[in-house]
Amino acid sequence: MMILSKAIKGNLLFWRIALVFTGLLILLGIVFIIIASRFSESYYNTAHQELYGNIAQHLATFTQPFKNGKPDTTVTHDIIHATMVANPSVEVYLLDTAGNIVDYVVPDTTVHVNKVDISKVKQWLSAKEINRPMGDNPKAPGEPSIFSAAPAYENGKLSGYVYAVLSSEKQKQILHSINNRFYFRLGSYIFFSALAAAFLVGLFTFFSITRSVANITAVVMRFKEGDYTARIEGHSKGDMAMLSTTFNEMADVIVDNFEKVAATDRFRQELIANISHDLRTPLSAMQGYVETLMMKAKELPDEEKMKYLLIVHESTRRLGGLVEQLFQYAKLEANIVIPEKESFLINELASDILMTYQLKAAERNIQLEIKAPSRLSPVFGDIALTERVFQNLLDNAFKFTPDGGNITIELAQTVSGVSVKIVDTGAGIPFEDQPYIFERYKQLNKERNNTSGMGIGLAIVRKILELHQTTIQIFSEPGKGTAFQFTLPLRNNFILQGNS
């Protein structure tokens, strides 16, 4: 009980719920009291009308209130007074045929009008009992009252009316006093009943809500403490279901981001390690040969010096190429490269690039050729970026093709554009390595050759082709060479793809 009490005191949610329900129930109680008072007053008037509605008829029948056209006060006053003593709520008046008050048995000082609405009297006489109207109260002008009326005849001729007000001033005072006590008691009962009901409803609602909130809080705490498998379960509808679904989706996104960050960190470590390795190789060669030239400059023959200088020059060229590729890849990764696309003949570009590699191919006795139909449609793309794709794929082919091998560029017209395939007769790529060769500096199985891996050349190729809304495919088997294939779109096809 102590724990329960502390939980309730320490949680404003319970008190807010209880306060809302209390206010609502008290408001409903007040409305109920107002409605009950109206209905009770209407019920009393109807009941009084039914009980005493014929009193005027009795007085008119048994007293003969008019004699020679004038009120007969000697007889009627005694009978009417006796009637009023027996029933103090009745006040009796005699009216002429026009509604003027000609006699009454009440103090004159309390009668404020000398005429009543005769149309109400006639309407009352012609109406059914349940639909009888309310009439004037001479002692309280402007306050309609229930009444009883009956015509009074003398020698078969209408002389006037007996008009009996059934709700006297004294009766109203008594009823007002009783009603005040009744409404006070009724209001007290409703208030304390509403307070108890609000407390119980608030308590039930509080525990219903806080139980769900406590469960959700426990799951959130587990997730915060490192249990990334924690998920909220058990809510299928309502606001709690929306909260649960939102948290679960958020948790999935956070976990996915964790995995991406971890993968990015692993790639960053691999990238740093491989860049360090690739930079170290030409730098070491340059440093070694430069130190040799410095120490033995006078002893070495000119031919040997030239050989060392050529090696240093080749190392600087390799180093410059590596730095340039890193710079190119960094720009592609940052999405700051905007292709400048135009229509061009890809077979002419391929021929020009092939000419620059002929000397390198001749030095290694590699057969370098291009296979293309006589006519090809112009493609739509960035010429400089497309040239970089050809260069990186050819450099990769030369890296893995042994001396005496073949490298072929195959061009073919397709429905969507021009297909480009660069085929080599190298050692091939194992199936388990193929899904990773386009990842930046992904290290593959180096036991198959003495190369230093795929580098970032192929990663740059994929990035450039993504800017052209196309992909690259690989076909390779160990010992049977490798082929890279992609398709550059035609201008009309590219525009249609961009608009879709």
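Tutor: Asp 252 forms a salt bridge with Arg 231, with 2.8 Å between the closest N and O atoms. A salt bridge here is a side-chain nitrogen of Lys or Arg within 4 Å of a carboxyl oxygen of Asp or Glu. Asp 252 belongs to helix H7 (residues 238–295), while Arg 231 lies in the loop between helix H6 (169–224) and H7, so the pair ties together parts that are 21 residues apart in sequence. Helices (H or I, at least four residues) and strands (E, at least two) are runs assigned by DSSP and numbered from the N terminus.

Two remarks on the basis of these values are in order. The model is predicted, so local features need pLDDT of at least 70 and side-chain atom pairs count only at pLDDT 80 or more, whereas totals for chains, interfaces and linings use all residues. Residues are numbered from 1 along each chain as its sequence is written, and side-chain values use heavy atoms, with hydrogens and water left out.

Side chains of opposite charge can pair when their charged atoms come close. By the rule above, the count comes to six salt bridges. In the pair already described, Asp 252 is partly exposed at 42% relative accessibility, and Arg 231 is partly exposed at 22%.

Another salt bridge joins Glu 314 and Arg 317, whose closest N and O atoms are 2.4 Å apart. These two residues are three places apart in helix H8 (residues 302–333), and therefore about one helical turn separates them. An α-helix has 3.6 residues a turn, so residues three or four places apart point the same way. Glu 314 counts as partly exposed, at 33%, and Arg 317 also counts as partly exposed, at 48%.

A further salt bridge links Arg 364 to Asp 403, with the closest N and O atoms 2.8 Å apart. Arg 364 is in the loop between helix H10 (358–363) and strand S8 (367–371), and Asp 403 is in the loop between helix H11 (383–400) and strand S10 (406–413), so this pair ties together parts that are 39 residues apart in sequence. Arg 364 is partly exposed at 24% relative accessibility, whereas Asp 403 is exposed, with a relative accessible area of 56%.

We now turn to the strands. Four of them form an open antiparallel sheet in the order S4-S3-S6-S5; two strands pair if DSSP finds at least two bridges between them. Strands S4 (101–104) and S5 (147–154) stand at the edges with a single partner each, so one side of each has no neighbour in the sheet. Neighbouring strands are turned by 25° against each other on average, direction ignored.

Within this sheet, S3 (residues 91–95) and S6 (residues 157–165) pair in the antiparallel sense over five bridges. Leu 94 stands opposite Val 162 in S6, and the bridge partner of Val 92 is Ala 164 in S6. Helix H3 (residues 55–63) packs on the sheet, touching S3, S5 and S6, and its direction makes about 20° with that of S5. Helix H5 (residues 118–126) likewise touches S3, S5 and S6, but its direction makes about 90° with that of S5. Contact means heavy atoms within 4.5 Å, and angles run from 0 to 180 degrees between the N-to-C directions of lines fitted to C-alpha atoms, for helices over the stretch in contact.

Within H3, the residues Ile 55, Ala 56, Leu 59, Ala 60 and Thr 63 are buried. They cover an arc of only 135° around the axis, which puts them on the same side of H3; the arc is that of the directions from the helix axis to the C-beta atoms. Gln 64 follows H3 and has a positive phi, near 50°.

Strand S3 itself has five of its five residues buried, so S3 is largely enclosed by the rest of the structure. Glu 91, Tyr 93 and Leu 95 point one way, and Val 92 and Leu 94 the other way. Three bridges join S3 to S4, and these strands run antiparallel; Leu 95 stands opposite Ile 101 in S4. The hairpin of S3 and S4 has five residues between the strands, and in this hairpin Gly 99 takes a positive phi near 95°.

Key. Buried means under 20% relative accessible area, exposed over 50%, partly exposed in between (1.4 Å probe, protein chains only).
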